[in-house]
Structures are given as C-alpha cells and as structure tokens.
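User: I'm new to this one and would like a close look at a single part of it. Could you walk me through the ring pairs and then show me what else is worth a glance?

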Amino acid sequence: MKKSIEISSNIETLFGTRDENLHVLEDGLNININLRSDSIELEGNARDVDRAEQVFSDYNQLQRSGHTFTNGDLNSMLRVVVADPKATLRGLVEAGKQRSFGRRTVQPKSLNQRRYLDAIEAHDMVFGIGPAGTGKTYLAVAMAICALVSKRVNRIILARPAVEAGERLGFLPGTLQEKIDPYLRPLYDALYDMLDPERVDRYLEKNVIEIAPIAFMRGRTLNDSFVILDEAQNTTSEQMKMFVTRLGFNSKAVITGDVTQIDLPNARRSGLLEAIDVLKYVQGLSFVYFDEGDVVRHHLVQRIIRAYDEHKSRSSEQQMELLDPRPANGHGEVRDTVQHPE
C-alpha cells in the first residue's frame, strides 16, 4: 500500500538529526518513507502505513496546540509507539502532562518503562526488576514527587538496605544519619535532579520526604505515603516481609532491584527473589521486568550489560561440560574439555 501525506509547515522537525526519527519509524513499522518536494510517501503493509500516518497527524496537531519536543524525548516516544500497537504519540504526550511537575515531565523512554509507569498508576504495589540504568529508581522517585505535588499523598518515604555496612557501621565517623547517608546517596541524587535544592532541603527538614535504611521501617504503618524500597535484592527475607506489610491506607509502594547484583553476606537468599516466588499470584500487585534494551544511560552501558550476560552464559556452559561424566565415545574414555594451545 502507498499513501501520500501533504507536507505541513515545520514537519521537518519530526525527522530528527540525519533523519534518525524517520529511520525509527521505517525499521519499527517495516515501511518505506520517501520524501517528495511537496509530500511524504509511505509504502508498506496497510496497517503499518496507517500507524505511520497517525504519527504524522498527531505531530501536526501537537505542534498546532503549542507543544514542543526535544529531539531525545521525541525519539524515545517514537520507539515506544512502534513497539506498542496501542500507543500513540498524542497519547504519550497527554500522559506525560498528567505526570509533570514544575519543569519536569515523567516520560517513558522504552516500552517497559511505559508499562512500569502505567503499573505504578494502576496498582498500590509494584516491583520493578532489572539491570542498572533502566530507570527503575529514577522513575519511581519521579512518580512519587508527582503524587506529592498533586497532593495525592502527604509524604514520600525512600528506604534502602545498607548491607555493605553491616557491623562496620559503628566504626564510621559521625552521627547515625551521617553513617548511613553514603548508602542512600542515589536517592538524594534523584531528588536533587528533579526539584530545586532548597525545596528538597525543606521537604527533608519537615520530614515530608524521609530517607532511611529499611531497618527504620519496623513497627510503622505508612498511611497517605508513597514508599520506595531501592536495591531490594539486598534485603533479607525477614526485611522484605516486614517492608511489604507496612503499607497503610491511601499509600503506594514501589520495590526496585537487580537480581544479578546481590551483595548479601554468607550466601543468604535475597528477600526480593523470595518475594517474586511468594507474591507472584497475589492480586493487586504488579511485576515489571526490564532488560538491557531499557538502559537509558550511556550507550556503552547496554553493551557492557550484554557482554556480562554472554560471559555468564558461556561460563555456565563450560562448567556444565566439565561436570558432565558421560564418555565421549564407546570405549569409556572421558572427553577432554580443556582447550590446549596448538
């Protein structure tokens, strides 16, 4: 199917640097986009051509309504649109406006990030599980700030296990807060990136935003709160059970973690792994899983994560070969799994 679209003013801003946004549409929708002097020609499957036409139409309408895009955000939204047949450019922008606070807008940069934000809006408890750099913590903090600014909750509580400290915590200099602050620094970084420093300091001083180790949660019932447990893979089974049972009325909880980075001592089982097994059929909960394709840090991070995964897979295969007792032939000889140099 071929379809021509009349070129409107400023439509070139949709194309992106070196037409990178057009390439996202072509690759994601399996269509060809040809630029004519006064029109754009779309060629491909009828359904995919219609979806591409919808993108151009949405972009024109959004521009006329005064909406402006940064190229990075537009590129990310187009990637979500081509990955999810139910998503539209206009729908993503409208959802972003609902999640905005101040000058910041919470906008997903991948399909799984979109599912994550939708899950946080729809459920009172959400588990975000995946590798570093996928936006698990950042997006959870952003959604918490949105809820606070819009007065849907009265406070934000951010918790994190300080497993690296252990018994050494008492040997660190300073007050208890000064001892644990280094382990909570990523949460402070997210806050200061989203709000003015003076506003963050005011919220912290008045305990509107509270940042503490998970041990501080014991015995509390958290009402009218947005609660986030970060680095949950480093909780024990007892800590995780204690945390997920703190939730009170009109509250939300988001638990984030990376099951490939467990630092618990003495080979203890992660409370996050146990929670995945125990709670996977509980109604009202949502589990969202991320992979290296959702990494939004430097592009090298995606490749580094993939390299580690491939190395782990190769190591596991080699170990299985070394442990395999079966003979290599019918004469009872055990096969040689060692690679000898020529």
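How many aromatic pairs does the structure hold?

Analyst: Happy to. Keep in mind that this is a predicted model. The structure holds three aromatic pairs, and I'll take you through two of them, Tyr59 with Phe69 and Tyr116 with Phe290.

Start with Tyr59 and Phe69. Their ring centres are 5.4 Å apart and the planes sit at 20 degrees to each other, which makes the pair stacked, since planes under 30 degrees apart count that way. Tyr59 belongs to helix 2, which covers residues 46–64, while Phe69 is in the loop between helix 2 and helix 3 (71–83).

Now Tyr116 and Phe290. Here the ring centres are 5.1 Å apart and the planes meet at 85 degrees, so this pair is edge-to-face. Tyr116 comes from helix 5 (residues 111–122), and Phe290 comes from the loop between strand 11 (285–289) and helix 11 (299–323). These two are 174 residues apart, so this pair too links distant parts of the chain.

Since helix 2 has already come up, let's see what it packs against. Two packed helices are described by the angle between their axes and the distance between the axes. The axes of helix 1 (residues 20–29) and helix 2 come within 10 Å and cross at roughly 155 degrees. Angles over 145 count as roughly antiparallel, so helix 1 is roughly antiparallel to helix 2. The crossing of helix 1 and helix 2 is right-handed. On the helix 1 side, the contact is made by Leu22, Leu25 and Leu29. Helix 2 brings Asp48, Arg51, Ala52, Val55 and Phe56. Sorted by class, the contact of helix 1 with helix 2 has six nonpolar residues, two charged ones and no polar ones.

Next, have a look at Gly271, which lies in helix 10 (residues 271–279). Gly271 has a relative accessible area of 1%, so Gly271 is buried. Leaving aside neighbours within four places in sequence, Gly271 is in contact with Thr235, Thr236, Ser237 and Met240. Take Ser237 from that group: Gly271 and Ser237 are 34 residues apart in sequence, yet 3.9 Å apart in space, C-alpha to C-alpha.

Two loop residues deserve a stop as well. Lys151 has a phi near 65 degrees, a positive value in a residue other than glycine. You'll find Lys151 in the loop between helix 6 (136–149) and strand 7 (155–160). With a relative accessible area of 73%, Lys151 is exposed. Asp224 also has a positive phi, near 50 degrees, and again this is a residue other than glycine. Asp224 lies in the loop between strand 8 (209–213) and strand 9 (225–229). Its relative accessibility is 28%, so Asp224 counts as partly exposed.

Finally, step back to the whole chain. The secondary structure comes to 11 helices and 11 strands. Of the 342 residues in the protein chain, 44% are buried. And among contacts with a separation of 6 or more, 69% are between residues 24 or more positions apart.

How values were computed. Residues numbered from 1 in each chain as written. Predicted model: local features only at pLDDT ≥ 70, side-chain atom pairs only at ≥ 80, totals over all residues. Heavy atoms only, no water. Phe/Tyr/Trp six-rings, centres within 6.5 Å; stacked < 30°, edge-to-face > 60°. Helix = DSSP H or I, 4+ residues; strand = E, 2+ residues; numbered from the N terminus. Axes fitted to C-alpha atoms, helices over the stretch in contact; angles between N-to-C directions. Parallel < 35°, antiparallel > 145°, perpendicular 65-115°, else oblique. Left-handed = near helix turned anticlockwise from the far one by under 90°. Contact = heavy atoms within 4.5 Å. Nonpolar A, V, L, I, M, F, W, Y, C, P; charged D, E, K, R; others polar. Buried < 20%, exposed > 50% of the residue type's maximum accessible area, 1.4 Å probe, protein only.
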